[in-house]
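Please read the numbered points beside the sequence and the model.

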Amino acid sequence: MAEAFVPAAVSTPSVPVPAPLPVRAVLPWAVFVGLLALIALYFVGAEQGATSLFAGENVHEWVHDGRHLLGFPCH
């Protein structure tokens, strides 16, 4: 009588497993997003003064609030 009774009709629910993504499919998109992030970080954080690519204050004014939000000094 030490045997446990398990009915045969009980089944465990199956959980769908997502298909793995190949690295070759993800890598170009990861590099693209990384480059966009670096370009955005440059324009928000460093586009003024000696490293500026564009003359004038136009880029500074467009990213002014984002610069303060991310903690970059600009005044």
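**Notes on the model**

1. Of the 75 residues in the protein chain, 11% are buried; here buried stands for under 20% relative accessible area, exposed for over 50%, and partly exposed for values in between, with a 1.4 Å probe and protein chains only. The model is predicted, so local features need pLDDT of at least 70 and side-chain atom pairs count only at pLDDT 80 or more, whereas totals for chains, interfaces and linings use all residues. Residues are numbered from 1 along each chain as its sequence is written, and side-chain values use heavy atoms, with hydrogens and water left out.

2. The protein chain has three helices and zero strands, and its pattern along the sequence reads α-α-α. Helices (H or I, at least four residues) and strands (E, at least two) are DSSP runs, numbered from the N terminus.

3. The accessible surface of the protein chain is about 6,900 Å², and carbon and sulfur atoms account for 72% of this area. Such areas come from the Shrake-Rupley method with a 1.4 Å probe; for residues, only the protein chains shown count as cover. Among contacts (heavy atoms within 4.5 Å) between residues at least 6 apart in sequence, 20% join residues at least 24 apart.

4. How many aromatic pairs does the structure hold? There are two. One is formed by tryptophan 29 and phenylalanine 32, edge-to-face, at 6.2 Å centre to centre and with 85° between the planes. Rings of Phe, Tyr and Trp (its six-membered ring) pair if their centres lie within 6.5 Å; planes under 30 degrees apart count as stacked, over 60 as edge-to-face and the rest as tilted. Tryptophan 29 and phenylalanine 32 are three residues apart in helix H1 (residues 23–45), and therefore about one helical turn separates them. Tryptophan 29 is exposed, at 60% relative accessible area, while phenylalanine 32 is partly exposed at 43%.

5. Tyrosine 42 and phenylalanine 43 also pair: their ring centres are 5.3 Å apart and their planes meet at 70°, so this pair is edge-to-face. Tyrosine 42 is partly exposed at 22% relative accessibility, and phenylalanine 43 is partly exposed at 23%.

6. Phenylalanine 43 lies in helix H1. Leaving aside residues up to four places away in sequence, phenylalanine 43 touches Phe54, Val59, Val63 and Arg67. Its C-alpha atom is 10.0 Å from that of glycine 66, which is 23 residues away along the chain.

7. Which residues form the nonpolar patch on the surface? They are Val23, Leu27, Val31, Leu35, Leu38 and Leu41, with about 580 Å² of accessible area together. Patches consist of residues with over 30% relative accessible area and no salt bridge, like charges being joined within 9 Å and nonpolar side chains (Val, Leu, Ile, Met, Phe, Trp, Tyr) within 5 Å; a salt bridge is a side-chain nitrogen of Lys or Arg within 4 Å of a carboxyl oxygen of Asp or Glu. Valine 31 is in helix H1 and is partly exposed, at 46% relative accessible area.

8. Is arginine 67 buried or exposed? Arginine 67, in helix H3 (residues 64–69), is buried, with a relative accessible area of 0%. Among the residues that arginine 67 touches are Phe43, Val44, Glu47, His60 and Phe72, when those up to four places away in sequence are not counted.

9. Histidine 68 also belongs to helix H3 and is partly exposed at 39% relative accessibility. Histidine 68 and valine 44 are 24 residues apart in sequence, and 9.2 Å separates them in space, C-alpha to C-alpha.
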